[in-house]
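Have the structure open while you read.

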Amino acid sequence: MLGTESYKIQIKGELSNERLKSLIFFYEPLIGNDALYLYEFMYFRNNDNRFKEINDLLTSLNISVDEFEKRCNILNEYKLVATLKKGPQYVFKIREPLLMQEFIKNDLFVRNFILKTSGKYYQELLADIKLDDNYNEFEDISKNFDATNLQDWSANDETYLKSDNNTDNYNFNTIFNVNTFLKEVSTNLFPMRLRTENNLRQLATLADLYNISYDKMSNFLTKACKLDSDHIDFNYLKYLCIHSNSDYQKVDQGNYNVPCLTYLMSLQDGKEVTEYDKIIIYKLSNDYKLNPSVINVLLEHCLKNCDNRLIEKYIYGIASDLHRNDIKNAKQALERLDVHSNQEEIKEQLPKYDTSKNPALNEQRLAEILNRRTK
């Protein structure tokens, strides 16, 4: 790590009184005062999502870069900070300390705590912790927040909550612009705690596959966000995207950087895409990790070579090859599919062998012959 490199801080969760008590009584004996001070300093540092020079942070702390890295490593070990690096840039993700009831269930942390303090001190702390294990057999019948009334929320209502002070800046290399979407959607409908990088990436991917507009995605999120359990039901969100209607839009030949549903409709002269084909599109993205432009090239290739149909065995076989060869864009995909086309032409020209009279000449032998013909 160098002082001239850059960093930014992201904070996950809140430092409640109970977690602060755990930090002081359980973590401090393990990490020491210096690392504890660094954690608190970084936690209360402005989380403005901009990269700054590490030297600025070192000056505020009045420590060397080596000492800073040493303290960070200690915080990493105890899962209080996650350190991410890309080139000369670092992201420090500040995590919540475990609650005391959670801490005592971590065998490694507890054993190290006893070694650094004493078993007697641990027992004293343990006696002060109120473990609520008396209600395990009770059913939780608490009423959850009813969000059905938000179904009547309109675009006009949304204007009252829009803000120009959105500081999010994500670059997922997707067609769906996450930053623009976050400025459009209210935090009441899409809470900040659900706007994790992983959630936003999945959301953008679904939008790219099925041509989901900002307004439509906002509407879908009100149904898929589980506010009572703090997560997004992506299976339901996928269902909503797959079953949504998309307006026909003619795409210029060779323009592969469009949503997959839009491209497939254009290939089919505006004919509505079947649910079967929509599921194939999802698998190409989710299972084979292909981006939309590569998927569009593959869809076009399959329709041309399979009598205008998407045949699973054929398309998944080529998708597997594209994934293994780390194909990232339309140009690479077109070049790779040219190789497939040449191999198929050569295979058609090969004599047909009767393997029933010559069992030794099996499919593996034919593959070897094909391989030599292509060299």
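## Helix 12 meets helix 14

Which residues in helix 12 meet which residues in helix 14? Keep in mind that this is a predicted model. On the helix 12 side you'll find C260, Y263, L264 and L267. Their partners in helix 14 are P292, I295, N296, L299, E300 and L303. Sort the residues of this contact by class and you get 8 nonpolar, 1 polar and 1 charged.

Now for the geometry. Helix 12 covers residues 260–267, and its axis comes within 9 Å of the axis of helix 14, crossing at roughly 25°. Angles under 35 degrees count as roughly parallel, so helix 12 and helix 14 are roughly parallel to each other. Their crossing is right-handed.

## Helix 1 meets helix 5

Head back towards the start of the chain for another pair. Helix 1 (residues 17–44) packs against helix 5 (residues 107–116) at an angle of about 70°, and their axes are 9 Å apart. Helix 1 and helix 5 are therefore roughly perpendicular to each other.

Who touches whom here? From helix 1 come F25, F26, Y27, P29 and L30, and they meet F109, N112, F113 and K116 in helix 5. By class, that contact has 7 nonpolar, 1 polar and 1 charged residues.

## Helix 9 meets helix 13

Here's one more pair to find. Helix 9 and helix 13 have axes 10 Å apart and pack at about 135°. That angle makes helix 9 oblique to helix 13. The crossing of these two is right-handed.

The contact brings together T205, L206, L209 and Y210 of helix 9 with K278, I281, Y282 and S285 of helix 13. Those residues split into 5 nonpolar, 2 polar and 1 charged.

## A pocket lined by helices

How much space lies in the second largest pocket? About 790 Å³. It is lined by 25 residues, and the closest to the pocket's centre are T205, S285, L290, N291 and P292.

Helix 9 gives the most, with 7 residues. Sorted by class, the lining has 9 nonpolar, 11 polar and 5 charged residues.

Key
Residues numbered from 1 in each chain as written. Predicted model: local features only at pLDDT ≥ 70, side-chain atom pairs only at ≥ 80, totals over all residues. Heavy atoms only, no water. 1 Å grid on protein atoms, 1.4 Å probe; cavity = no way out; pocket = protein on both sides within 12 Å on 5 of 7 lines; lining within 4 Å. Points joined across faces, edges and corners; volume = space filled by probe spheres on them. Helix = DSSP H or I, 4+ residues; strand = E, 2+ residues; numbered from the N terminus. Nonpolar A, V, L, I, M, F, W, Y, C, P; charged D, E, K, R; others polar. Axes fitted to C-alpha atoms, helices over the stretch in contact; angles between N-to-C directions. Parallel < 35°, antiparallel > 145°, perpendicular 65-115°, else oblique. Left-handed = near helix turned anticlockwise from the far one by under 90°. Contact = heavy atoms within 4.5 Å.
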